Amino acid sequence: MTMKLKSQLIMVLTLGFSISLFAQNTAENILGSDEKLIIGGYGQIDGNFNLDDDNKMNSNGKLDVHRLVTFLGYKFNDKITFVSEVEYEHIVELYVEQAFLDYKIKDNMSLQAGLMLIPMGIQNLYHEPPTFNGVERTNVDKYIVPTTWREIGVGLSGRLDEQSLNYQLMVVNGPLGYDNGVAKFSGSKGIRSGRQKGAEAIVSDFDFAGRVSYYGMLGWNFGASFYQGNSETTDFEADSTQVGMTMMGIDARYNNGAFQARGQYTFADLENTDEYNAKTSSDVGSKLLGYYIEAGYNLLEGKSENELIAFARYENYNTHEETDGFDANLAYDRTDKTFGLTYKLNQGAAFKADYQLKGNEASPEETKHFNLGVAVWF
Amino acid sequence: MIRVFPAFWLGILFFCLLPISANCQWQPSAKTLAKAESTLEQYFDMEYSKSAIDINSNYYQLMSSDSIIGFACIQQAPSKHDMFDFMAIYSSEMELLKLRVLTYRENYGGEISNKRWLKQFLSREVSDVQAISGATISVESMKMAVYSLTQKMRNWQSSQL
């Protein structure tokens, strides 16, 4: 089997099976003021196929249960709830996505402690497969945010009803930048490989994360997120193995009848990357930047309970937006253009198809990909 | 990486998907009732008395000076992982006059408490009420709850004639 990736058009058929079966009656039967145990979940199954110029399969394809998440919650009483999400990735990798205790201080304010989602960007918080267009999550969220980002900490989460504001503030451990000589941060993936996910996480410094979202304007949902702190290191004394992180993001979602749109702009300023790169022989950028804009239209609006959304999205993400002390690698300045369809059944199940053109500043040609997906949420 | 058989988890899921019938009438909490009272007082701004109707002890007929001024129903509906309490105020002709979220418990989906969003129910068909990004489940839940509640009340009213 030869791999001719450069000269061939790569058609990747990603068969994402996102079947979200939102069983309303089931939820009503399980939940209730007296029922304490809460069950839910979501799944994403992909199929990837490589095609040659004649659009024939010329090498092995891949079918993957990309993720299967089970939600398990328990209401001890009116004030205390335990929330957990356990995720199976690729069948054999088991992760915990969330596991925290929620204590209601007031009707609209909770204290939370445990493994929580970092409130950066739209998809890190809202990533159930039928809620977004496109088979895979955006690469802006994958490489810049980096989703699914979750760490252990303590936080406050609440709502100001009169002002139509949601807010969240937390103290968490940061991503691990340095693991006994091995650099976890890199030029191509930014801080993504440093996510500790609550697995015997190293903490040398405590970081802060927060988000505010405003839903007072009908049809709109605006959000602003921040993250501030230092990355963690196994070498507690060595400052050179740590990177200062200041991240900010703004996002907006809009829907009006058949029309929907969303956009996000996220950047991360990393300090001390010159010392870090010198120490670890890595090539981390000093600034990461990513943004996307997406618009969609429900072709079945008013004609059916189901939705058929035609959408287009433009993404740009650059993990070498700025570099300190060396030239940026132009290949890390990446652009994805996605055009596709999402067919939603009953708000819980969705079939997806999309066509992607991926390019970067170092190469004049764009690679072509075709993805199919199935999304489930219940 | 851990190799784990998902059978155990699937077993729990399967078990919990068996319908559990809940026949007991839900009783709203004191907090919810207090909020309902103050909302009613603010809306009607007159002396009124309320008496529960036969189909549900949380649905009330409101009277003032021997005439029916309207109806008020307190109801629960599911949000993503919890329940929320709301009240619908109907006119004597069973037209929706006001919709209020009395108690919203969860962290996600609280956007449905927004008064401007709730106002849509007064002037539009339930199916035309706009979605809210990030509150999909609660929005759908509220839409279904309001629709079935209104149907129920109208059927009850027809049966009284």
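Which residues of the largest nonpolar core touch the most other members?

Author: This is a predicted model, in which local features need pLDDT of at least 70, side-chain atom pairs count only at pLDDT 80 or more, and totals for chains, interfaces and linings use all residues. Residues are numbered from 1 along each chain as its sequence is written, and chains are lettered from A and ligands numbered from 1 in the order in which they are written.

A nonpolar core here is a set of buried Ala, Val, Leu, Ile, Met, Phe, Trp, Tyr and Cys residues joined through C-beta atoms within 7 Å. A residue is buried if 20 or more other C-beta atoms lie within 10 Å of its own, with C-beta atoms placed from the backbone. The largest core has 33 residues, and those touching the most other members are B:Phe71, B:Ala72, B:Cys73, B:Phe86, B:Met87 and B:Ala88. Two or more residues each come from helix H2 (30–44), strand E2 (56–64), strand E3 (67–78), strand E4 (83–90), strand E5 (96–104), helix H3 (115–123) and helix H4 (136–160) of chain B. Helices (H or I, at least four residues) and strands (E, at least two) are DSSP runs, numbered from the N terminus. The most, 7 residues, is given by E4(B).

Beyond its neighbours within four places in sequence, B:Phe71 has contacts (C-beta atoms, placed from the backbone, within 7 Å) with B:Tyr59, B:Tyr60, B:Gln61, B:Leu62, B:Tyr90 and B:Met153. A second, separate core has 32 residues, among them A:Leu117, A:Val284, A:Leu289 and A:Tyr292. Of the 378 residues of chain A, 49% count as buried. Chain A has 4 helices and 20 strands.

Key:
Buried ≥ 20, exposed ≤ 12 C-beta atoms within 10 Å, placed from the backbone. Contact = placed C-beta atoms within 7 Å.
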